[in-house]
Amino acid sequence: MFDTLSDRLQAALSDVRSRGTLSEDDVAKAMRAIRLALLEADVNFQVVKRFTAQVKERAQGAEVLGALNPGQQVVKLVDEELTTLMGGAGRDLVFASRPPTVVLMAGLQGSGKTTACAKLARHLREEHGKNVALAACDVYRPAAVDQLVRVGAQAGATVYEQGTDRDPVDIAEWALGRARSEGRDVLIVDTSGRLHVDEALMAELARIKKGTKPHNVLLVVDAMTGQDAVGVAQAFAQTADFDGVILSKLDGDARGGAALSVKAVTGKPILYASTGEKLDAFERFHPDRMAQRILGMGDVLTLVEKAERQFDEGRAEELERKIRRQEFTFDDFLEQLKQLRGMGPLGSLLKMIPGMGQQLNGIDIDDRELDRVQAIITSMTPEERANPSLLNGSRRRRVARGSGTNVQAVNQLVKQFGQMQKMMRQLSSGRMPSLGQLTGR
Ligand SMILES: Nc1nc2c(ncn2[C@@H]2O[C@H](COP(=O)(O)OP(=O)(O)O)[C@@H](O)[C@H]2O)c(=O)[nH]1
Ligand SMILES: [Mg+2]
């Protein structure tokens, strides 16, 4: 996500970053590089102009802060301005004091509305414990209702549908009645899109709005379309009011333009980012964290949140006990590995660690390597997993055959596991390596 922009901005700032003193010329040079990077990322021209002017002005008038050198101050300014540009502090959904909270999903055809309905439903259920229902109001494409039913089921949400023969406004009102009588916390209304913003679409949206009085109208825009996405958002903002944006397909080769321009152009914040076809590829959009990610400062908070979601507390305690008693086995290792992989591709996780983004440049983290490790461990007998010292030459050959790998790979894993156990003994004896040592900072 935003790789090119991120590289460019980091390059633009790397010159000034470590400087103790900065001339006006240095700042001007950095600003030119930043301006180019943003334009290349397809950020709206007016937005770029305002952005660089703002940073420049603040850089010139900057007071000398004790802890930061001038170079660091410029980086901090850019970080703050990027954060402001993307919307300042994150904004949440508004929940109705008397449920159900109604969320209306709008956007062009193919922007990712139906997917976003299911993702948001899953998110609200898992993160907020909400009981969510979905209303199928896209009646123009028969497949649209089926699609919502399918993804809704995956998300654990009830789908209210009446096929494609009724008026979408009637369906929406009927669904709201059911949501109310069935005591749902949230009703998300999926609507139809058009290929372009047109009057009929706007009129229908307005009628659904009137009929359901949504607490949140969310506009889904496709980040991959860059400036077009911003244009669509602007057109919607002018005719049909909405409260916030869901930015979809940020996993594609989005250059960043949409994410950086939408708020400035429409005045509406980005609430969520959708980053893949799977239902869990969906997160709250935090402008401050996104700015830090773009500037290569990592995104520890998002990483920590992800880890917390995955990591069951009870199991964590048991694991800690095992490490303390030096009972950590290949079985535990396998479980850890599975949890880690549940969090997403390893490469994208590592990129969220400060300093790792740049170190990983050009290095491909191969998840297949983990497949191999998993295959090797599952080819061991339970006794071998509990007690790796049983693994003599012939057993290792058997494991290699069973896992479709070779003896070297098995040897290497057994050796690494031994080193890991040793490190754990050190950890449990209180000689904890500092975070700096771990991340190489
Ligand atoms: N890669 C990627 N694909 C997405 C994302 N969101 C939706 N899609 C895909 O985009 C296509 C259109 O999505 P859909 O939800 O049907 O759009 P709608 O017409 O607005 O309802 C589908 O093939 C989705 O799988 C995303 O965040 N990333
Ligand atoms: Mg749809």
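## Around ligand 1

A residue counts as near a molecule or strand when one of its heavy atoms lies within 4 Å of it. With that in hand, ligand 1 has 17 residues around it, and the closest are Gly110, Lys113, Thr114, Thr115 and Asp251. Keep in mind that this is a predicted model, where local features need pLDDT of at least 70, side-chain atom pairs count only at pLDDT 80 or more, and totals for chains, interfaces and linings use all residues. Residues are numbered from 1 along each chain as its sequence is written, chains are lettered from A and ligands numbered from 1 in the order in which they are written, and side-chain values use heavy atoms, with hydrogens and water left out.

What sort of residues make up the shell around ligand 1? There are 1 nonpolar, 10 polar and 6 charged. In this sorting, Ala, Val, Leu, Ile, Met, Phe, Trp, Tyr, Cys and Pro are nonpolar, Asp, Glu, Lys and Arg are charged, and the others, Gly among them, are polar. Helix α5 (residues 113-128) gives the largest share of the shell, 4 residues. Helices here are DSSP runs (H or I, at least four residues), as are strands (E, at least two), and both are numbered from the N terminus.

## Polar contacts and cover

Now for the polar contacts, meaning pairs of N or O atoms within 3.5 Å. Within protein, one atom must be able to donate a hydrogen and the other to accept it, and residues adjacent in sequence count only if both atoms are side-chain atoms. Gln147 brings a polar side-chain atom to 2.9 Å from an oxygen atom of ligand 1. On its own, ligand 1 would expose 580 Å², and the protein buries 81% of that. Such accessible areas come from the Shrake-Rupley method with a 1.4 Å probe; for residues, only the protein chains shown count as cover.

## Salt bridges

A salt bridge here is a side-chain nitrogen of Lys or Arg within 4 Å of a carboxyl oxygen of Asp or Glu. How many does that rule give? The count comes to 16. One of them joins Glu81 and Arg58, with the closest N and O atoms 2.9 Å apart. This pair links distant parts of the chain, since Glu81 belongs to helix α4 (residues 70-85) and Arg58 to helix α3 (residues 45-61), 23 residues apart. Glu81 is buried at 10% relative accessibility, while Arg58 is partly exposed at 31%. (Buried means under 20% relative accessible area, exposed over 50%, and partly exposed in between, using a 1.4 Å probe and protein chains only.) Arg58, Glu80 and Glu81 are linked in a network of salt bridges.

Arg395 and Glu384 make another bridge, 2.8 Å from N to O. It also ties together distant parts of the chain: Arg395 is in helix α19 (residues 393-403) and Glu384 in helix α18 (residues 382-386), 11 residues apart. Glu384 is buried, at 0%, whereas Arg395 is partly exposed, at 29%. Then there's the bridge between Glu126 and Arg125, at 3.8 Å. Both ends are partly exposed, Glu126 at 43% and Arg125 at 35%.

How many disulfides does the structure hold? There are 0, a disulfide being a pair of cysteine sulfur atoms within 2.5 Å.

Is helix α11 (residues 287-294) mostly covered or mostly uncovered? It is mostly covered, with 6 of its 8 residues buried: Pro287, Arg289, Met290, Ala291, Arg293 and Ile294. Just after α11, Gly296 takes a positive phi of about 75 degrees.

Asp138 sits in the loop between β2 (132-137) and α6 (142-155) and is buried, at 6%. A polar atom of the Asp138 side chain is 3.2 Å from the backbone nitrogen of Tyr140. Over in strand β6 (residues 244-248) you'll find Val245, buried at 0%. Val245 and Ala106 are 139 residues apart in sequence, yet 9.5 Å apart in space, C-alpha to C-alpha.
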